[in-house]
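Me: I would like to learn how to read salt bridges and helices in a model. Please take me through them one at a time.

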Amino acid sequence: MTVELIVPEVGESITEVQIGTWLKSVGDVVETDEGLVEIDTDKVSFELPAPVRGKIVKILKDAGDPATVGEVIGFMEAAEGGGEAPAAADPEPEPVPEPTTEPGPAIESRIMPAAQRLMAEHGIPPADVTGTGPGGRVLKEDVERAIAEKQAPSPSPAPGAPAPSPAPAGEEEVVPMSPLRRRVAERLVDAQQTMALLTTFNEIDMTAVMALRKTHGEAFLAKHGVKLGFMSFFVKAVIDALKLVPVINGEIRDSGQGGEIVYRNHYDIGVAVGGGKGLVVPVVRGADRLSFAEVEQTIADLAERAQKNRLTLEELSGGTFTISNGGIYGSLLSTPIVNPPQSGILGLHAIQQRPVGIDGEIVLRPMMYVAVTYDHRIVDGREAVTFLRRIKDCIENPSRMLLEI
């Protein structure tokens, strides 16, 4: 029986998707729920699972092609009685060439996912790789061989021989922008065009938090199964500061009569992380009700699944404030952009030993620059400075967060 592979519904506002990497090829036998192809949307990426056990007989959409929700992108032939999957049948499957000892050119053959990723990492065009797998398929080993040949030094010309022609100045590769990247671009431009963005800065002495982590880190890991990081301290400090300056946890909502300010009494903190498809901002729901350990466990889980493109649409929606930690990449100072319709974002940066004046003496301390970008339409400068100063006080004296003073 022929089974259609259909793009499923993802969310109310999503009607178009982009086909990512096919994880299986025509002729492959797959089990029920085994991942077949990656599908990208403007908010989340996911794998389309096999609806039945059987064999893939036709692929209608290649990687990078657009598709709509409900569209058929391929066909499977279902196995009967749990046995070996049947041979390909209608609708007119793509023929799978018989294995051959003669390698075929990559440009005419199916490229396996691992090989495709390696080619993308090293900028190897398909025409430069010779497939040696069954039916001329390009394997990872074929790409590794092409990379080695590309990196091998060229032999010196014989005396009196003409000099070789110079290599091309460079090559270009044109790839479609992913729906996620397009959506990120649209939102960032929208924030710049519709908000009155302003950034204020401060610096924080990380001595106290680093001492706590050193003293209790091993016990924390043993009890909770996750490391005690800096992010839980900043999430708690942000919530403390948002309670002190609630307008930064609000948003401007257009009611058709000049707009309204919505003050939120819940604290769903977005944490920007680098996902497998780019920057994503999963949300820690009800962060004010979570312990330090629960915050760390939640962030670790979200970050791990972001790398595997396993986040759901719900986990990427509805945050009230965002924290972005550019320090993990070595950033010393930056001006983060607000994630609409939120009204503020906190940027964290690298920790450096710097000389500071304390009690009339110059000493070295682990210092971090922090920045808060805010929508000046509803947040005044005094409120933004107060907010950032409160975060500084909480991190430099973390017992304040426990005592709620």
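Me: Is Glu 396 buried, partly exposed or exposed?

Reply: Buried means under 20% relative accessible area, exposed over 50%, and partly exposed in between, with a 1.4 Å probe and protein chains only. Glu 396 has 23% relative accessibility, so it counts as partly exposed. Lys 392 counts as buried because its value is 10%.

Me: What should I know about the model and its numbering before going on?

Reply: This is a predicted model, in which local features need pLDDT of at least 70 and side-chain atom pairs count only at pLDDT 80 or more, while totals for chains, interfaces and linings use all residues. Residues are numbered from 1 along each chain as its sequence is written, and side-chain values use heavy atoms, with hydrogens and water left out.

Me: Which side chain meets Glu 396 in a salt bridge?

Reply: A salt bridge is a side-chain nitrogen of Lys or Arg within 4 Å of a carboxyl oxygen of Asp or Glu. Glu 396 meets Lys 392 in this way, at 2.8 Å from N to O. Both residues lie in helix H7, 4 residues apart, about one turn of the helix. Helices (H or I, at least four residues) and strands (E, at least two) are DSSP runs, numbered from the N terminus. An α-helix has 3.6 residues a turn, so residues three or four places apart point the same way.

Me: How many salt bridges does the rule give?

Reply: The count is 18. One of them joins Glu 47 to Arg 310, with the closest N and O atoms 2.7 Å apart. This pair links distant parts of the chain, 263 residues apart: Glu 47 is in strand E5 (residues 45-49), and Arg 310 is in the loop between helix H6 (292-307) and strand E17 (321-325). Glu 47 is partly exposed at 27%, and Arg 310 is partly exposed at 41%.

Me: What links Asp 240 and Arg 390?

Reply: Their side chains form a salt bridge, 2.5 Å from N to O. Asp 240 lies in helix H5 (residues 231-244) and Arg 390 in helix H7 (residues 381-396), 150 residues apart. Asp 240 is buried at 17%, and Arg 390 is buried at 15%.

Me: Where is the kink in H4 centred?

Reply: The bend at a residue is the angle between axes fitted to the seven residues ending there and the seven starting there. In H4 the kink is about 60 degrees and is centred on His 216. Val 209, Gly 217 and Phe 220 are buried in this helix.
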